[in-house]
Amino acid sequence: MIGTLVATAFWAMLPAYVPNNAAVLAGGGRPIDGGREWHGARLLGDGKTWRGTAVGTLVGVLLALGLNALADPASAALGGDLPTFALPAAFALAFGAMCGDIGASFLKRRSGRERGAAFPGLDQLDFVVGALGLAFLVDTDWALAVFTPRVLAVVLVMTPLLHVVTNVGAYLLGVKNEPW
């Protein structure tokens, strides 16, 4: 039962977990803030680009559609029901994750942190708040059915752990400049 709950939480969040990583790989291009500043600091910085946001969102949506194709055999192997993603929910999770990360960059710049600087708590959950917030707004019935209180609890515990493990791994592999 715990295994099924964790698998459901992980599966449901995959379209939100992957977009920011895809955005890094596709990065570059024109910054969203166009180089604008507010009170002497960039609004977002060079790390938030239109290309990264578009690619990250597209990858998240395509992943959700791929998961839909795998849901029945994966559910049978697991012995539980994994969710499928309606297109609005898939878009909301992926784009919401990107928006959550963009919002965190804005908050980091306002607090005087530079690009790549750690902001514990915010770094681990910004995209979760954005993804879930937009999913509940765009496809409320789907979000309520999938993100039960128990699934939400697992997401809130699991995500920071996954975030730390994947970032340290990427740092050790030389893909990231900092381990957070």
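Asparagine 20 touches Ala97, Met98, Asp101 and Phe127, leaving aside residues up to four places away in sequence. Asparagine 20 sits in helix H2. At 16% relative accessibility, asparagine 20 counts as buried, because the cut-off for buried is under 20%. The model is predicted.

**Helix H2 against helix H4**

- Helix H2 spans residues 19–26, and helix H4 spans residues 87–110.
- Their axes come within 9 Å and cross at roughly 70 degrees.
- H2 and H4 are therefore roughly perpendicular to each other, since that class runs from 65 to 115 degrees.
- On the H2 side, the contact is made by Pro19, Asn20 and Ala23.
- On the H4 side, the partners are Ala94, Ala97, Met98 and Asp101.
- By class, the residues of this contact are 5 nonpolar, 1 polar and 1 charged.

**Helix H1 against helix H4**

- The axes of H1 and H4 come within 7 Å and cross at roughly 55 degrees.
- H1 and H4 are therefore oblique to each other.
- Ala12, Pro15 and Ala16 are the H1 residues in the contact.
- They meet Leu93, Ala94 and Ala97 in H4.
- This contact has 6 nonpolar residues, with no polar and no charged ones.

**Phenylalanine 127**

- Phenylalanine 127 belongs to helix H5.
- With 8% relative accessibility, phenylalanine 127 counts as buried.
- Leaving aside residues up to four places away in sequence, phenylalanine 127 touches Ala16, Tyr17, Asn20, Gly96, Ala97, Gly100, Asp101, Thr159 and His163.
- Asn20 of that list lies in helix H2, and Ala97 and Asp101 are in H4.
- Ala16, also on the list, is in H1.
- Phenylalanine 127 and isoleucine 102 are 25 residues apart in sequence. Their C-alpha atoms are 8.6 Å apart in space.

**Largest nonpolar core**

- The largest nonpolar core holds 31 residues.
- Met13, Phe85, Leu93, Trp142, Phe147 and Val155 touch the most other members.
- Six helices each supply at least two residues of this core: H1 (2–17), H3 (50–78), H4, H5 (122–138), H6 (140–146) and H7 (149–172).
- H1 gives the most to the core, with 8 residues.
- Methionine 13 touches Val128, Leu132, Phe147 and Val155, again leaving aside residues up to four places away in sequence.
- Two of those partners, Phe147 and Val155, are also among the core members that touch the most others.

**Annotated transmembrane regions**

- An unreviewed UniProt entry carries the annotation "transmembrane region" for residues 50–70, 82–107, 127–144 and 151–173.
- In the model, residues 127–144 are 94% helix and 0% strand. The end C-alpha atoms of this span lie 19 Å apart.
- Residues 151–173 are 96% helix and 0% strand. Here the end C-alpha atoms are 31 Å apart.

**Histidine 39**

- Histidine 39 is in the loop between strand S1 (37–38) and strand S2 (41–42).
- Phi of histidine 39 is near 55 degrees, a positive value in a residue other than glycine.
- At 74% relative accessibility, histidine 39 counts as exposed, because the cut-off for exposed is over 50%.

Methods
Residues numbered from 1 in each chain as written. Predicted model: local features only at pLDDT ≥ 70, side-chain atom pairs only at ≥ 80, totals over all residues. Heavy atoms only, no water. Axes fitted to C-alpha atoms, helices over the stretch in contact; angles between N-to-C directions. Helix = DSSP H or I, 4+ residues; strand = E, 2+ residues; numbered from the N terminus. Parallel < 35°, antiparallel > 145°, perpendicular 65-115°, else oblique. Contact = heavy atoms within 4.5 Å. Nonpolar A, V, L, I, M, F, W, Y, C, P; charged D, E, K, R; others polar. Core = buried A, V, L, I, M, F, W, Y, C linked by side-chain atoms within 4.5 Å. Buried < 20%, exposed > 50% of the residue type's maximum accessible area, 1.4 Å probe, protein only. UniProt positions renumbered as here; feature names shortened; annotations may be inferred.
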